[in-house]
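User: I'd like to go through this structure with you and check each label against its definition. Could you show it to me?

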Amino acid sequence: MKRRHKIYLYITILLLILYLGLLTILCLSEYSDSRATIRSFGDAFWYSLVTFTTVGYGDLTPVTPLGHAVGVVFLLLSAGIMMTLFGAVISFITSEGLPLFLLGFQREKNWYYFADYGAEANILAANIYKEDPDTVIIFGEKKDDQMEFPDYPCLFINVSPARIVARKKNTGSKCRIFLMKENDIGVNSRAVGLHQLPVEVYARTTNGQDHLSGNIRFFHSYDCCARQYWRSKPLCGHEHTIVVIGFGNYGQSILERAILTNVISVNQHVAYHIFGDAREFLAMHRHLHEVFCMGKASETADALIFHEECWETQHEVLEQADRMIICPDDEPEGWSIFWRLHRYYKLRGQIHLHSNRQAPGVSYFGTNEEIYTPNQIMRTTLNQAAITINEIFRKSVSYPTLSWENLDDFHRESKISAADHLLMKIRILLKDETITRFSADKVEKAYQKYCETKKDAAVQDMYRRLDHMRWLRFYTFYNWSYGAARNDGARQHPMLCAYAKLTPEQKKERDAAWELLGSISIELTE
């Protein structure tokens, strides 16, 4: 690119020299003739402009043979110059020139750049615009003639992220970049060099990893779906048998969130029956037997029961289920299972179907509109809650701990998991299972209830025991085990034991997740 720019520069300089030379020849040749109207360099310049633009006022004309020759050159060049200028204007308007020019006037706004235009990108962009109308949405490709234009203001500019960022000039808030295709970070040419740009990058992945480098954050669409599911349809106290049919990407994410989030009572005993190939999952999470009863239901602990046989044969399990989650990765297969269950089985529990299509009378979840939201993808609220939990935790212990910026991905995820459980804590404190979302009023009431009830030592002990159950599940899920001393390399922790074996100070650490309600209450009120 630098070599091409130099060539253009040299050609421009050469043309300018030739033009100045012609003006000089015209001026000198006409100046000595008494009949001439072109008497100065300014007259020659004006004559060239009138000739180039084909206006032809006739106020200045060459009279000498050499002047006529120069005039002929100007006349021959005028048509080419006009066509070139006209073409340049059309090219500027129809190409990326005009949108890039217009962007320069909107640098103070938030910019959201999507590498490609697709269904997921379109929905996320629409949700972003709903929350922030004073924003600039940019798609990094040309608009197809058959493409229906979005219902929100946006620009289609076929340029690299680097050019967009350069146009922002670090003015206003930072630009955010999205790669919405699965694992696009490794194959999309526009992903090259993103880690060097002063922007926040969000890339869709299937491996669940959180970070690649400082400014690149991954989001897992299956995990977003599972989070949205358990947030909108949380576990209730009367549910003891839950069936999951389909154990692909969606099924595994839903079970993972259930393991990490569904802690509502120290006496709960929920049996999860999972239909699908679970060999890889069980091989990877080899310590689950330490906190779950494996293979059979229990009256004292939650159970994970993986069925190798097909779900159609388990009539008794299906008929006793309090909830059935149908979530194969293939959506048409899910609909087929849904209709077969209704047609051939006697059911008493609710059926929740993963579907991007909405149909009356069907309890569905995981539509693109629910998954691809700013808060789901960028996790702003969840991350802020996690940061606050970490600060509360640091103040509550006597030994030194790391700030959020210095935490690795695993320990950040630990705090995020604690923040994920906040909705359950509110439901527990207010004894209201109809609550499915935060509000300032509910958080404040929940925190007041916590402050009142924790004065009872037995109740406070129950709160700590409950959060220890949640914490124990998280570390066990990630293959940590008990060790006399903490060893992150060996994944060993001295608190990975029964609650009764914890020291008073270790038990007190569990207060941080509950105390967070007070901070959130203050923040929402303000």
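User: Thanks! Which residue in β13 is the bridge partner of Ile-325?

Analyst: His-352 is the bridge partner of Ile-325 in β13. A word on the basis: this is a predicted model, where local features need pLDDT of at least 70 and side-chain atom pairs count only at pLDDT 80 or more, while totals for chains, interfaces and linings use all residues. Residues are numbered from 1 along each chain as its sequence is written, and side-chain values use heavy atoms, leaving out hydrogens and water.

User: What makes β12 and β13 a pair?

Analyst: Two strands pair if DSSP finds at least two bridges between them, and strands are DSSP runs (E, at least two residues; helices are H or I, at least four), numbered from the N terminus. Four bridges join β12 (residues 323-326) to β13 (residues 350-354), so they pair, and they run parallel.

User: In what order do the strands of the open sheet come, and why are β10 and β14 at its edges?

Analyst: The order of the seven strands is β10-β11-β9-β8-β12-β13-β14, with parallel pairing. β10 (293-294) and β14 (364-365) each have a single partner strand, so one side of each is left without a neighbour in the sheet.

User: Why are helices α8 and α18 called oblique to each other?

Analyst: Angles run from 0 to 180 degrees between N-to-C directions, with axes fitted to C-alpha atoms, for helices over the stretch in contact. Angles under 35 degrees count as roughly parallel, over 145 as roughly antiparallel, 65 to 115 as roughly perpendicular and the rest as oblique. The axes of α8 (residues 249-261) and α18 (residues 457-477) cross at roughly 140 degrees and come within 7 Å, and the two helices are therefore oblique.

User: Which residues meet there?

Analyst: With contact meaning heavy atoms within 4.5 Å, Glu-256, Ala-258, Ile-259 and Leu-260 in α8 meet Arg-470, Arg-473, Phe-474 and Phe-477 in α18. They divide into five nonpolar, no polar and three charged, where Ala, Val, Leu, Ile, Met, Phe, Trp, Tyr, Cys and Pro are nonpolar, Asp, Glu, Lys and Arg charged, and the others, Gly among them, polar.

User: What makes a space a cavity rather than a pocket?

Analyst: On a 1 Å grid over the protein atoms alone, a 1.4 Å probe fits in a cavity but cannot get out, whereas a pocket is an open set with protein on both sides within 12 Å along at least five of seven lines; lining residues have an atom within 4 Å of a point. The largest cavity is lined by Ala-115, Asp-116, Phe-178, Leu-179, Met-180, Lys-181 and Asp-184. Lining the largest pocket are 36 residues, with Arg-231, Asn-375, Thr-381, Arg-437 and Phe-438 nearest its centre.
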